[in-house]
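Hi everyone, thanks for coming. Let's take a short walk through one protein model together, and please have the picture open as I talk.

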Amino acid sequence: MTDPGPGGAHGIPAGSTAPLRAPAPGWTIDADVVVVGSGVAGLTAALRCAAAGRRTVVVTKARLDDGSTRWAQGGIAAALGEGDTPGQHLDDTLVAGAGLCDEEAVRTLVTEGPAAVRRLIATGARFDTDAGTGEVELTREGGHHRRRIAHAGGDATGAEISRALVEAVRDGRTSVRTVENALVLDLLKTPDGAAAGVTLHVMGEGQHDGVGAVHAPAVVLATGGMGQIFSATTNPAVSTGDGVALALRAGAEVSDLEFVQFHPTVLYLGAGAEGQQPLISEAVRGEGAHLVDADGVRFMLGRHELAELAPRDIVAKAIMRRAAEQGAAPGTEHMYLDARHFGAAMWESRFPTILAACREHGFDPVTGLVPVAPAAHYASGGVRTDLHGCTTVPGLYACGEVACTGVHGANRLASNSLLEGLVFAERIAEHIADAAGQAERTGQAERTGQAERTGQTGDAAEPPGTAGPADRFTAPAPVTPLLPPEARSAIQRVMTGGAGVLRSAGSLAEAAARLDALPADTAHKPAEPGVETWETANLHLVARVLVAAALRREETRGCHWREDHPDREDAAWRRHLVVGLYGPGRSLDVRTTDTTAFPPTRPHGPRAPAADPDAQP
């Protein structure tokens with residue numbers, strides 16, 4: 001890994017990273033596997049691990065069905081249709097990823113995806129089918145040249161997938177144990193640095209209460225996204241970056257955190273709108289809706305061959321540009337979605353959830369235009385993994401939105417997220433159950449009881465597969481102070497203003513300075529250990545790392561838009577930024593890979609090859 005050019009370390013100010021301040025665990029559970037999160041990735045991993053005979057515990061922040069999966073509207077992408085192939089799906093994914101996808105990871109996704117979707121159906125998920133043929137109905141979304149998006153309930157795909165998986169977990173025939181209303185705090189590690197479980201805080205409901213620990217030699221992070229670092233997002237309130245923050249504190253590497261996808265068509269509720277915003281699925285445009293400006297002009301025509309179905313980053317940028325051309329004040333940029341030609345019957349049958357949300361907020365898409373604007377939607381980066389979901393910390397796995405498998409590159413292709421969670425969760429379960437995976441963890445289970453909180457087990461090792469110190473540039477490590485709950489809205493305002501859709505060196509530097517100042521600015525307010533302060537600390541850490549990465553990447557690529565560097569610079573920047581905390585001072589390393597491929601997460605070999613994507617599923 002090398003520094004791609006001059007400019008020094010755009011890092012994070014001095015401090016020392018330590019676990020979140022919390023009471024000592026008052027109760028424990030012993031298991032073989034602990035899965036943190038209950039979306040498609042978490043529940044799939046849990047079900048597969050339990051089926052393989054592993055004692056499996058699922059820890060989830062709210063109820064089992066309260067994660068991001070249930071909010072997914074459009075569907076799940078897979079080459080299921082006649083004439084479609086994994087190779088074509090691969091091509092569309094690589095184009096959307098703007099030159100930064102790991103091709104082997106994409107190849108794995110698209111070749112294993114169709115069979116994984118069929119297994120999901122066998123688990124109980126009911127997708128919409130053609131009344132005449134009984135075949136799964138497929139639609140198109142942005143960036144796809146084929147109809148390959150399977151959907152359920154019209155626009156309630158995520159809710160149906162969540163229902164099926166939750167029912168399977170709660171089925172008396174499975175042995176999955178669940179701990180709901182539990183916020184994960186930190187990773188437990190053995191003296192030699194391997195994962196040994198997690199600490200968590202149960203929020204007053206169920207068999208356990210307060211801070212406890214789940215001891216297990218395999219920990220699977222499936223905590224979802226971090227959309228709550230921005231004022232307006234499609235993510236639910238639980239998406240506070242907990243998994244990424246935990247991984248950083250545990251010494252794992254994260255990558256591509258600067259690539260936050262802003263969904264282009266989120267219902268615009270005004271400049272002051274905050275929190276979770278109603279999403280208007282890309283499938284609406286896939287079925288023929290148009291994007292128009294205030295004058296009724298279809299401004300996407302001529303900007304991209306796919307017009308309204310261009311990849312999301314292109315559509316989001318086009319909305320912002322058109323709004324600026326028409327004199328919109330900062331923070332008020334929006335355009336309109338026109339689907340009046342659908343008629344009431346189509347809206348009610350195909351998009352009932354979206355129709356209800358629009359009408360709830362005073363807009364009727366059957367008779368009028370619907371105002372839309374980009375909002376934070378999906379983290380394309382996250383905790384770096386290999387093709388088996390292994391992170392750079394032995395025994396720690398990650399899948400779903402919290403992970404960076406290399407599939408998404410600089411911009412996620414629509415409806416690849418549910419598929420990624422599904423495919424890589426199955427791969428993790430296979431690795432955990434595999435004899436080689438068990439051999440790698442030999443003796444860990446016996447040492448679980450000796451586990452210490454992350455940060456108390458000594459310094460992290462040198463990152464695997466990296467260049468020597470001269471080829472890296474470093475900055476002091478961030479602190480993870482407990483901040484008062486009021487700091488959460490301050491973080492969101494800073495990130496929206498400085499690291500949102502439009503970014504520049506000036507806006508990012510200002511954001512970094514304001515984030516750095518937050519601990520001192522809020523020192524006079526109480527910040528006792530508790531759910532709100534722990535979440536705020538996680539948001540603060542993730543926000544600071546994101547800003548550092550965005551400031552370092554001096555180009556525009558995918559969903560990272562630098563106004564001061566408007567062009568894509570392949571020679572210098574067709575590579576990844578990898579961030580980790582290493583060495584005696586636990587310093588923050590911000591490094592670049594030499595190519596679009598990631599180095600191994602372990603020093604003992606390359607990624608396993610994937611199957612041929614051109615074969616029919």
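**Two helices side by side**

Let's begin with a pair of helices: the axes of helix α13, residues 487–498, and helix α14, residues 505–521, come within 8 Å and cross at roughly 170°. Angles over 145 degrees count as roughly antiparallel, so α13 is roughly antiparallel to α14. Which residues make the contact? From α13 we have A487, A490, I491, V494, M495, G497 and G498, and from α14 we have S507, L508, A511, R514, L515 and L518. Before we go on, please keep in mind that this is a predicted model.

Next, the aromatic residues. How many aromatic pairs does the structure hold? There are four. Take F342 and W347: their ring centres are 5.6 Å apart and their planes sit at 40°, so this pair is tilted. Why tilted? Planes under 30 degrees apart would count as stacked and those over 60 as edge-to-face, so an angle in the remaining range gets the name tilted. Now, are these two residues buried or exposed? F342 has a relative accessible area of 10%, so it is buried, and W347 counts as buried at 1%. The cut-off for buried is under 20%. F342 and W347 also belong to one aromatic cluster together with F351.

Staying with rings for a moment, have a look at Y378. R412 lies over the face of Y378, at 4.2 Å from the ring centre.

Now let's zoom in on a threonine. T111 is part of helix α3, which covers residues 103–123. Its relative accessibility is 18%, so T111 counts as buried. What does the side chain of T111 reach at 2.6 Å? The backbone oxygen of R107. A polar atom of the T111 side chain also lies 3.3 Å from the backbone oxygen of T108.

My last stop is M226. You'll find M226 in the loop between β11 (218–221) and β12 (232–233). Would you guess buried or exposed for M226? At 5% relative accessibility, M226 counts as buried. So who is around it? Leaving aside neighbours within four places in sequence, M226 is in contact with N235, S239, T240, G241, L257, V260, A379, V542 and L546. One more distance to look up on your screen: M226 and V244 are 18 residues apart in sequence, and their C-alpha atoms are 8.4 Å apart in space.

Key:
Residues are numbered from 1 along each chain as its sequence is written. This is a predicted model: local features need pLDDT of at least 70, side-chain atom pairs count only at pLDDT 80 or more; totals for chains, interfaces and linings use all residues. Side-chain values use heavy atoms; hydrogens and water are left out. Helices (H or I, at least four residues) and strands (E, at least two) are DSSP runs, numbered from the N terminus. Buried means under 20% relative accessible area, exposed over 50%, partly exposed in between (1.4 Å probe, protein chains only). A polar contact is a pair of N or O atoms within 3.5 Å; within protein, one must be able to donate a hydrogen and the other to accept it, and residues adjacent in sequence count only if both atoms are side-chain atoms. Rings of Phe, Tyr and Trp (its six-membered ring) pair if their centres lie within 6.5 Å; planes under 30 degrees apart count as stacked, over 60 as edge-to-face and the rest as tilted. A charge sits over a ring if NZ of Lys or CZ of Arg is within 6 Å of the ring centre and within 35 degrees of the ring normal. Axes are lines fitted to C-alpha atoms, for helices over the stretch in contact, and angles run from 0 to 180 degrees between N-to-C directions. Angles under 35 degrees count as roughly parallel, over 145 as roughly antiparallel, 65 to 115 as roughly perpendicular and the rest as oblique. Contact means heavy atoms within 4.5 Å.
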